[in-house]
Amino acid sequence: MYDIIIIGAGPAGMTAAIYARRASKSVLLLEAKSYGGQIINTPDIENYPVEAHISGFDFAQKLYEQTKALGAEFKFEKAVEIKDEGDTKTVVTVKDSYTAKAVIIATGSENRKLGVEGEDKLVGRGISYCATCDGAFYRNKVVAVVGGGNTALEDALYLADLAQTVYLIHRRDEFRGEEANAQRLRERENVKLVLNSTVTKLNAEKRLKSIEVTNKNGEVTELEVNGLFVAVGRVPENQNFASVAELDQAGYVAASENCRTKTPGIFAAGDNRVKEVRQLVTAASDGAVAATEAVKYIASLK
Amino acid sequence: MAVIEVTKDTFEQEVLNSDKPVLVDYNADWCGPCRMMRPVLDELAAERDDIKVVSINIDDEDELAEDNDISSIPCLVVYKNGKEAARNVGLVPKDVVIDLIGG
């Protein structure tokens, strides 16, 4: 039995592990993919205190080494369920199950899919969720970006420097993202706005060839594109834990700044929690709070 | 064995004409998830005599990337008898790579 099991080894989970180990608690980190979380996709972090520039990869590596050196145990297994048995919690993974006195859910979020048929099969064959990761493959090609938030606008601007033509497809006629970005896009000759429209079909042979876009009047237009960048937001990964942690309508864990869920001894930290600002520094901050709360909770059991 | 760096000049010989299954890692230096993936490939190259593990840098080898329909990295492709047998896009744990290689 561990003192604390942390689900998710991103910045929130690893920071929680650091705090828990420094309070002499035994810690198991369960991670479905690889440590680091989504920050590993960021080429350059410029807004984390102390380091003016650090790559997401280096950040994750340093945090991992720090966490490991403090004695936290890592297992790379996806957690699928938490069972609340009062003073003991059991976390079931795809391989095994583990028990602890307290659990911290720090599973972050993943890219929201478009939900159009064939999407999954075309990931890496024309469909991408990360313009800065995959933009280089579309030099002088025709691409489309879907979305209306800042990520979509920034992706379209980034791609406009590389691609021949960028379609920006958005279901409304105005953007949620910053007006300054929208204005910059309107000034770009190779950016074409496709508003009041949604992507309704993906046409592919071996890879994506074209997309069909339907506007609010029901008119369908086919656009030939080499790539489609999906930037329609992120979704939390909490569904498996809904029985022990109350979720809001969007699926985020309804835990306040103290990171407590409705179940005593189960906490939520990082991007998967209901909050206003989802940043690297707030994820780390949640990790510290959740671990401190978990340590307090464990002390209260005795 | 170590991971072998492959270029367009050696692709045919090292990958297509290999008598063992080949696990190809398409990657780039600027790609964080690719760098996270690399230790797993190093381990597999050291542990498995029955396969060959190769790395292709897509910035240096853009023709290879284009010819093989690579548009997102990290991308792992398994070649058997000169043909693509399996493919995975994105960072995955070692177990998934082993499954991808298959029997």
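What is the volume of the second largest pocket?

1. Basis. This is a predicted model, where local features need pLDDT of at least 70, side-chain atom pairs count only at pLDDT 80 or more, and totals for chains, interfaces and linings use all residues. Residues are numbered from 1 along each chain as its sequence is written, chains are lettered from A and ligands numbered from 1 in the order in which they are written, and side-chain values use heavy atoms, without hydrogens and water.

2. Domains. Chain A has domain 1 (2-111 + 234-301) and domain 2 (119-230); the bounds come from an automatic or database domain assignment. Their centres, taken over C-alpha atoms, are 33 Å apart.

3. Disulfides. Cys130(A) pairs with Cys133(A), at 2.0 Å between sulfurs. Cys31(B) pairs with Cys34(B), at 2.2 Å. The Cys130(A) link is right-handed, with 65 degrees about the S-S bond. The Cys31(B) link is right-handed too, with 80 degrees.

4. The volume of the second largest pocket is about 520 Å³, the space filled by probe spheres set on grid points joined across faces, edges and corners. A pocket here is an open set of points on a 1 Å grid over the protein atoms alone, where a 1.4 Å probe fits, with protein on both sides within 12 Å along at least five of seven lines; lining residues have an atom within 4 Å of a point. The lining has 20 residues, and Phe137(A), Tyr138(A), Lys141(A), Glu66(B) and Ile70(B) lie nearest the centre.

How values were computed
Disulfide = S-S within 2.5 Å.
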